[in-house]
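I opened a notebook page for this chain. The entries below follow the order in which I looked things up.

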Amino acid sequence: LFDLGSALAIDLVAIVNHNMSAGATITVKAGTTSATTDFSQSMTARLTDAFLLLSATQTYRYWRIEVADASISDAFIEIGYVLIGDATISTFNFAERYEFADRFDNLAVESEFGVPFVAELFGRIRLRLLYRNLLAADMTTLRTMYRGQKRNLKTLFLIPDKDVNDGYFGRWMNDLERTISSISGGTAQSAELEFSEDPRGKKIAA
């Protein structure tokens, strides 16, 4: 149960780095009192990260997340972060073809005879988003967001496509370098942003 202190407009609830199974039942509730009986909606279960993006904001003080998971492999439910807030949805988009990379960082050691031993450390998702021929006003919006995040100082929950149940918790990793081209009546600007998911933990190699 979360008490926001006052009624706030919310349209995004995310559970980051959890250990629930894909068969978990997750329900988001909200209300004017701690009973949270005024609003209820199911969140689609998803391994490691799950989120609910509402079609319209709901303004309540109290929010509750209820979980039932009969197939969990651990004897307990564990959650890294819970994010509750008002999502920012831009009026412009990145280029249709963006780069998506599954990256694994492993510890590799070779014996004196060259026999490898490889142990898993962590994995993460990396995205490279290309913004092409944006109007100056749209680039200003993108730049304001980037400067607010101070590159990789602050984390964000990124949903590349709201019609696909995939969201990622991480940071911007590169400088925002803009290419500015003069056109009749104004300018067109382009840029690339690289996003890296925060790793989910650390394993000690045996």
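Is Asp3 buried, partly exposed or exposed, and what is its relative accessible area? I found Asp3 partly exposed, at a relative accessible area of 44%. I use buried for under 20% relative accessible area, exposed for over 50% and partly exposed for in between, with a 1.4 Å probe and protein chains only.

Before going on, I noted that this is a predicted model, where local features need pLDDT of at least 70, side-chain atom pairs count only at pLDDT 80 or more, and totals for chains, interfaces and linings use all residues. Residues are numbered from 1 along each chain as its sequence is written, and side-chain values use heavy atoms, with hydrogens and water left out.

Entry: overall layout. The order of elements is β-β-β-β-β-β-β-α-β-β-β-β. The C-alpha trace spans about 65 × 60 × 25 Å along its principal axes. Of the 206 residues, 33% are buried.

Entry: the start of the chain. I located Leu1 in the segment before strand E1 (2-18). Leu1 counts as exposed, at 52% relative accessibility. Leaving out residues up to four places away in sequence, I listed the contacts (heavy atoms within 4.5 Å) of Leu1 as Ser34, Thr36, Tyr62, Trp63 and Arg64.

Entry: salt bridges. I counted 14, each a side-chain nitrogen of Lys or Arg within 4 Å of a carboxyl oxygen of Asp or Glu. Asp3 pairs with Arg61, with closest N and O atoms 2.7 Å apart. Asp3 lies in strand E1 and Arg61 in strand E4 (residues 49-68), so this pair ties together parts 58 residues apart in sequence. Arg61 is partly exposed, at 31%.

I then looked up Lys29 and Glu66, which meet in a salt bridge at 3.2 Å, N to O. Lys29 is in strand E2 (residues 25-31) and Glu66 in strand E4, so the pair ties together parts 37 residues apart in sequence. Lys29 is partly exposed at 23%, and Glu66 is partly exposed at 34%.

Last, I checked Glu192 and Arg128, whose closest N and O atoms are 2.7 Å apart in a salt bridge. Glu192 belongs to strand E11 (residues 186-197) and Arg128 to strand E7 (residues 116-135), so the pair ties together parts 64 residues apart in sequence. I noted that Glu99, Arg128, Arg132 and Glu192 are linked in a network of salt bridges.

Note on methods
Helix = DSSP H or I, 4+ residues; strand = E, 2+ residues; numbered from the N terminus.
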